[in-house]
Amino acid sequence: MAAKRRTNTGTRSKTNGGSANGNGHSARRAVVVGGMRTPFVKAFTSFTQLDTIALGVAATRGLLNKLELSRKEIDGIVWGGVILPTTAPNVAREIALDLQLPASVEGMTVTRACASGLQAITLAAAAIERGEADVIIAGGSDSTSNAPITLPSKVTHSLAPLALGKPSPADYLAALSQLTPITEILPRQPKIAERSTGEVMGESAERMAKRNAISREAQDELAARSHHRAAHAIESGRFAEEVVAVETPGGKWVHADGLVRADTSVEKLSKLRPVFSKDGSVTAGNASPLTDGAAAVVLMSEEKARALGYTPLAAIKSWAYVGVDPADQLLMGPALAMPKALERAGLSLSDIDLIDMHEAFAAQVLSVLKMLGSDAFAKERLGREQAVGEVNPEAINLHGGSLAIGHPFGATGARMVTTVANELALGERSMALLGICAAGGLGAAAVLERVN
């Protein structure tokens, strides 16, 4: 499964040229040489003492060791994240420094909510296609366990002048006099809600379930299938080359994902209470959990990969990002982005052998599949006469998805690319389509192709 190292005969080449591909860049192809991730675990469990930088370091170190890639070959790191450390928000550069990579390895951190990891990968691919770099590490990480607790603005405005200026005793007394009542100065629990609408994402999923007539049973069936497939992937060793064990500061080694439930069932899931509406259908069982973890991918120009002796796993053929009104159907983005990525690749859905979709909520996945199969949706939202195509829910996410494996926001895109690239490298499938929804009404998609 892993890219096979042969001989190192390569020399650095940053030439560009050739005809344009589906994304409008040069024919110089960006290929995935390898990918690796940490185990994904429930927030506030095994990785509580590891922040997003430490998790990113663990995933990247594991990948570089696996590939036996000389650090001198690396041009840069592009990293995706959502919960960024306030004192070191450029996680990419911090990873390079912590790994003691050459000082010349530049770093850039990007955020596009849950599509941040894929955003990092497509930015790296674009840079390689343009000839700006030959070898880039791309990925993402997030540690919900280390999310900053926000102080009310009243506290910040009262105390910041004391910390930043040269306050007198009278200034301290004046500031303290403003810190009442106590209910207005207590730290507030982070809330994953849309800034523009105030709606929690689960509430958006609930609305999508009702609007698209997605039953509770169908959601639980999808969730159970995700767990069973992920459990089978773990048991069969399918994830063995994708997951690197991580040692915690306490000396404990974490070897495997912590959220997958092989013994779950539709019957068990059906007993869970709705979380976001009393008469709703979205539960903790058919929604992705808060997760800590990281995933990294090494991309190279195809020319460079072959010169260094690597067999590419897959090429990044096209990608697309879209925005929708968050007050409409917040998580419908993939229904718009996936057709656009297909169009840029010069493909139709019938050309695709493998589909991997981020499972933020089972209701979101099933809603998007309905949209792709709808002629009315195609006419109204895509400007085309016919539906994109029917997708059997059982045909997507062959090894499970975010419902079972978990969803460290910035890492999910790199996890998906790693699994799909490895699947393509097996040689039974040629084209893969990825879809990711994201906060803010964003959608992302990419097409990967097998490299012969």
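## Walking through the model

Mentor: Start with Ser145: its side chain reaches the backbone nitrogen of Phe44 at 2.6 Å. That is a polar contact, meaning a pair of N or O atoms within 3.5 Å; within protein, one must be able to donate a hydrogen and the other to accept it, and residues adjacent in sequence count only if both atoms are side-chain atoms. Before we go on, this is a predicted model: local features need pLDDT of at least 70, side-chain atom pairs count only at pLDDT 80 or more, and totals for chains, interfaces and linings use all residues. Residues are numbered from 1 along each chain as its sequence is written, and side-chain values use heavy atoms, with hydrogens and water left out.

Trainee: OK. Where does Ser145 lie?
Mentor: In the loop between strand E5 (135-143) and helix H4 (153-164). Helices (H or I, at least four residues) and strands (E, at least two) are DSSP runs, numbered from the N terminus.

Trainee: Is Ser145 buried or exposed?
Mentor: Ser145 is buried, at a relative accessible area of 11%. Buried means under 20% relative accessible area, exposed means over 50%, and partly exposed is in between (1.4 Å probe, protein chains only).

Trainee: And what is Ser145 in contact with?
Mentor: Setting aside neighbours within four places in sequence, Ser145 is in contact with Ala43, Phe44, Thr48 and Asp292. Contact means heavy atoms within 4.5 Å.

Trainee: Switching topic. Which residues have the most contacts inside the largest nonpolar core?
Mentor: Val32, Ile121, Leu299, Ile316, Val417 and Leu448, in a core of 52 residues. A nonpolar core is a set of buried Ala, Val, Leu, Ile, Met, Phe, Trp, Tyr and Cys residues joined through side-chain atoms within 4.5 Å.

Trainee: Which helix gives the most to this core?
Mentor: Helix H3 (residues 116-129), with eight residues. Apart from this core lies another, of 49 residues, with Leu222, Ala335, Val388 and Ala445 among them. As background, nonpolar side chains tend to be buried together in soluble globular proteins.

Trainee: Back to Leu299. What does it touch?
Mentor: Not counting residues up to four places away in sequence, Leu299 touches several residues, including Val32, Ile121, Ile128, Val135 and Ile316. Asp134 is also one of its contacts.

Trainee: Strands next. Which way do the residues of E10 point?
Mentor: From strand E10 (residues 354-357), Leu354 and Asp356 point one way, Ile355 and Met357 the other way, and all are buried. In a regular strand, side chains alternate between the two faces of the sheet.

Trainee: What joins E10 to E11?
Mentor: Four bridges join E10 to strand E11 (residues 431-438), and the two run parallel. Two strands pair if DSSP finds at least two bridges between them. The bridge partner of Leu354 in E11 is Ala432.

Trainee: What about charges? How many salt bridges does the structure hold?
Mentor: It holds 17. A salt bridge is a side-chain nitrogen of Lys or Arg within 4 Å of a carboxyl oxygen of Asp or Glu. One of them joins the side chains of Arg29 and Glu449 (3.0 Å, N to O). Arg29 lies in the segment before strand E1 (30-37) and Glu449 in strand E12 (residues 442-450), so the pair ties together parts 420 residues apart in sequence.

Trainee: How accessible are Arg29 and Glu449?
Mentor: Arg29 is partly exposed, at 25% relative accessibility. Glu449 is buried, at 13%. Both also belong to a network of salt bridges with Glu302, Arg306 and Lys317.

Trainee: Give me one more pair. What does Asp257 meet?
Mentor: Arg37, in a salt bridge between their side chains (2.7 Å, N to O). Asp257 counts as buried at 12% relative accessibility, and Arg37 counts as buried at 2%.
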